[in-house]
Amino acid sequence: MSGMQRHDFINWADQYLRGELSTEDAVAFENFCKTEPTYAELFEQHRSFVQNLQKTELRNAFQQSLIAEGNAFQSERKNTATTKVASLWSKLQINAGVAAAVALVSVFSTLWITGYFTNIKKANTDYSALRREMNSVKKNVTEQNKAIQNINNDKNKNNAAIHFGATGFMLTRDGYVVTNYHVINGADSIHLQNVKGQAYRAQIVYTDAQKDIAILHIDDTSFKNLKNIPYTFKKQSSELGEDIFTLGFPRDEAVYGQGYLSSNTGYAGDTIAYQISIPVNPGNSGGPVLDNQGNIIGIISGKQKGIDGAAFAIKTKELVETLNKIPADSLKGNIFLNNKNTLSTLPRTEQIKKLQDYIYIVKVF
Amino acid sequence: MSKIKQILPTEISDQEIVDGVSKGDSKAINRIYKSYFPSISRMIVNNNGSEDEAKDIFQEAVMVLYDKITQQKFELSSKLGTFLYAVSRRLWLKQLTRKGSVASTADISDFEDLLRVEDDLERHDEIEQRFDHMNIALSQLGEPCQTLLKDFYIANMSMQDIRDKFGYTNTDNAKTQKYKCLQRLKKIFFNSSLEK
C-alpha cells in the first residue's frame with residue numbers, strides 16, 4: 001500500500017462521498033472496499049473525519065449567524081424602544097389635547113359656578129377700599145370728603161339718561177335749594193323734581209367743594225313760590241343721642257329714615273360734620289337732617305364703607321357760613337332763612353307731610 | 001393571500017423552528033430570538049445579570065439546542081421556550097456559582113427546575129470539547145490549507161474551481177495539495193487527541 005495508492009484512494013473516496021461517481025463506478029468502489037478490508041477501514045476513518053469537519057464548520061456557521069442575529073436584534077430593540085415611545089405620543093397627541101381642553105373647561109366652569117371669581121372680585125374691592133381709607137388719612141379735608149363713599153350714584157343704574165340722582169331741599173320759598181357739591185360736580189344741567197312729579201330746571205349759584213355744599217336756584221318760569229318754609233335752621237351744635245330723622249330719595253319715592261346723632265365729628269375727625277346713625281343709601285346725599293322740633297341740623301353727605309351705621313351730615317353752621325360767603329351780585333336778592341318753625345308741635349307723620357313739599361330729587365345730567 | 005401572510009406575524013410551530021435550526025436557517029434564528037430572548041433576558045437581568053451576559057447565556061442555550069437537534073434524533077419533549085428557559089437558567093446559575101454570588105440569587109435557585117436539563121448540558125459540554133478540538137486543529141493548520149479544505153469539503157467546490165482559485169497548474173496538482181492538507185489536519189487532530 002503505497003502513498004500514491006493511498007492518495008488515489010482518498011480522492012476516489014471523496015468523489016464517491018460527493019456523489020460524483022457514475023453508478024457503475026460507485027458500485028466498483030463499494031466492491032473494492034468489500035474486497036480490501038484495510039481500505040474499507042481507511043474509508044470509514046476518512047468519512048467520519050470529514051463528517052466531523054463538516055459538522056464543525058456547520059456549527060461554526062450557525063454560531064456566527066446566531067451572534068449576528070443577536071447583535072441585530074439588540075440594536076433593533078433599541079430602535080423600536082424609542083420609536084414606540086414616539087409613535088405612542090403621535091397616536092395619543094389628539095387625545096391628550098382633548099383631555100387637557102376638557103380639564104381646563106371643567107376647572108374654570110367649576111370655579112365660575114361656585115362663585116370663585118366673584119369672591120376674588122369682592123376680596124379685591126374690599127382690599128382697595130382698605131387701601132383707600134389708609135391713604136385718605138394723610139389727605140387734606142377735600143380729599144377726605146372725596147374719600148367718603150358717595151351715595152349718589154344709584155340712579156344712573158336705574159335710568160341711563162340721568163347721570164346722578166340725589167336729594168336737595170328748599171332754603172327759601174323763592175327757589176333757593178341746597179345739596180352736596182359732589183352731586184352737581186361736573187354737571188351739564190340740573191333738574192329738580194318735587195314729590196308731585198313736577199320738574200324744574202335749576203342753576204348753580206354757589207359751590208363750596210371743601211364743605212361739600214352747593215347752592216342752587218330754580219330758574220324755571222313754571223315755578224311758583226311756595227308757602228313759607230315750615231322748618232328752621234339750627235346753627236348751634238346738637239347734643240349726642242338726639243333723635244333725628246331725614247327724608248330723601250334713594251329711590252324715586254321719598255324715603256323716611258330715623259336715628260340719632262352718634263358723634264360730633266364726621267369722617268376721620270372732620271369737625272364740619274356730624275356722625276349720624278340713620279340708614280342711608282346712595283341717593284340720600286343732600287337730604288336734610290332734622291331734629292324732633294323740625295330744625296334742620298345738617299345735610300347728609302356720605303357714609304363710611306365697611307362700618308355699620310356710620311353716616312355723615314354736614315352741620316347747619318357750615319351751611320350758614322357758606323351762604324354768608326356768597327357774593328351779593330350772584331344772588332337775586334338776599335337769602336333770608338326762615339325763622340318761624342311750624343313743625344315743632346306736630347306729630348311725626350304730620351311733620352313729614354308738611355316737609356315733603358320742600359324736598360326735591362336732584363337729577364344731574 | 002400571500003401578501004397578508006407576510007404582513008401578519010406568522011405563527012411558526014416549534015417543529016418548524018427545530019427543522020430550521022438543523023438546516024442553519026437564519027429565519028429560524030430570528031424567530032427564536034424574537035420569541036424567547038425577552039423573557040430569558042429579563043430573568044437574567046433581574047438576577048444580577050447584564051444585557052450582554054443575557055445575550056451570551058441565551059446564545060449558549062441556543063447552541064445546546066442546536067447540538068441536541070443535530071447530534072441525535074431530536075424529539076420535542078417540552079415546549080421549545082420551556083427548554084431554552086430551563087437551559088438558560090441552569091447556565092446562568094452555573095456562571096453565578098463560578099462568580100461566587102449565589103446568595104443573592106436565592107429566588108432563581110430556590111425553585112425546582114422546570115426541566116431536567118443536566119444531561120443535555122453535560123452532553124453539550126462533551127460535544128463542545130470535540131468541536132473545539134477540531135477548531136483548534138483547523139486554526140493550527142494555517143493557510144492556504146484551511147481555506148482549501150473548507151472550499152472542497154464544506155462549500156463543495158469542484159476541483160477545477162479550486163485549481164483556478166489557488167492558481168494550480170492542473171487539477172491533479174490541486175488534488176495532491178488537498179490530500180496533503182487533509183493528512184496534515186488529521187495528523188494535528190489525532191496527535192493532539194493522543195496527547196490528551
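# Two chains of a predicted model

In this predicted model, chain A has 9 helices and 13 strands.

Biologist: What does the secondary structure of chain B come to, in helices and strands?

Modeller: From the N terminus on, the elements of chain B run α-α-α-α-α-α-α-α-α-α. The totals for chain B are therefore 10 helices and 0 strands.

Biologist: How many of the residues of chain A score a pLDDT of at least 70?

Modeller: The predictor's confidence averages a pLDDT of 79 over chain A. Among the elements of that chain, strand S10 (residues 288-291) of chain A has the highest mean, 92. The share of chain A residues that score at least 70 is 83%.

Biologist: Which element of chain A has the lowest mean pLDDT?

Modeller: Two stretches of chain A are worth checking. Over residues 124-139 of chain A the pLDDT stays under 50, and the model has 10 contacts there beyond four places in sequence. Over residues 154-161 of chain A the pLDDT is also below 50, with 12 contacts beyond near neighbours in sequence. The element with the lowest mean, 42, is helix H6 (residues 155-158) of chain A.

Biologist: Why should such stretches not be read in detail?

Modeller: Predicted coordinates should not be read in detail where the pLDDT is low. For residues 154-161 of chain A, the pLDDT is below 50.

Biologist: In what order do the 6 strands of the chain A barrel close?

Modeller: The pairing in the barrel is antiparallel, and the twist averages 40° from one strand to the next. One of the pairings joins strand S1 (residues 164-170) of chain A to strand S2 (residues 176-179) of chain A by 2 bridges. There A:Phe169 stands opposite A:Val178 in S2(A). The order of the barrel in chain A is S1-S2-S5-S4-S3-S13.

Biologist: At about what angle to S5(A) does helix H8 of chain A run?

Modeller: Helix H8 (residues 316-325) of chain A lies across S2, strand S4 (199-208) and strand S5 (213-218) of chain A. The angle between H8 of chain A and S5(A) is about 60°.

Biologist: How many residues of strand S7 of chain A are buried?

Modeller: Strand S7 (residues 243-248) of chain A pairs with strand S8 (residues 255-263) of chain A in the antiparallel sense over 6 bridges, and the two form a hairpin with 6 residues between them. A:Leu247 stands opposite A:Tyr256 in S8(A). S7(A) also runs antiparallel to S10(A), joined by 3 bridges. S7(A) is mostly covered, and the buried count among its 6 residues is 5.

Biologist: Which residue in S10(A) is the bridge partner of A:Ile244?

Modeller: S7(A) and S10(A) are antiparallel. In S10(A), the partner of A:Ile244 is A:Asp291.

Biologist: Is B:Val21 buried or exposed?

Modeller: B:Val21 sits in helix H2 (residues 14-23) of chain B. Leaving aside neighbours within four places in sequence, B:Val21 is in contact with B:Ala28, B:Leu65, B:Tyr66 and B:Ile69. A residue needs 20 or more other C-beta atoms within 10 Å to count as buried. B:Val21 has 23, so B:Val21 is buried.

Biologist: How far apart in space are B:Val21 and B:Asp67, C-alpha to C-alpha?

Modeller: In sequence, B:Val21 and B:Asp67 are 46 residues apart. In space, C-alpha to C-alpha, the distance between B:Val21 and B:Asp67 is 9.9 Å.

Biologist: Within what arc do the buried residues of H8(B) fall?

Modeller: The buried residues of H8(B) are B:Leu148, B:Leu149, B:Phe152 and B:Tyr153. Seen down the axis of H8(B), they line one face of the helix because they fall within an arc of 105°.

Biologist: Which helix supplies the largest share of the side of chain B that touches chain A?

Modeller: At the interface, 23 residues of chain B are in contact with 24 residues of chain A. Helix H3 (26-45), helix H4 (51-71), helix H7 (118-141), helix H8 (145-154) and helix H10 (171-195) of chain B each supply at least two residues of the side of chain B that touches chain A. That side divides into 11 nonpolar, 8 polar and 4 charged residues. The largest share, 6 residues, comes from H4(B).

Key. Residues numbered from 1 in each chain as written. Chains lettered and ligands numbered in written order. Predicted model: local features only at pLDDT ≥ 70, side-chain atom pairs only at ≥ 80, totals over all residues. pLDDT = per-residue confidence, 0-100. Helix = DSSP H or I, 4+ residues; strand = E, 2+ residues; numbered from the N terminus. Contact = placed C-beta atoms within 7 Å. Nonpolar A, V, L, I, M, F, W, Y, C, P; charged D, E, K, R; others polar. Buried ≥ 20, exposed ≤ 12 C-beta atoms within 10 Å, placed from the backbone. Pairing = 2+ DSSP bridges. Axes fitted to C-alpha atoms, helices over the stretch in contact; angles between N-to-C directions. Arc of directions from axis to C-beta.
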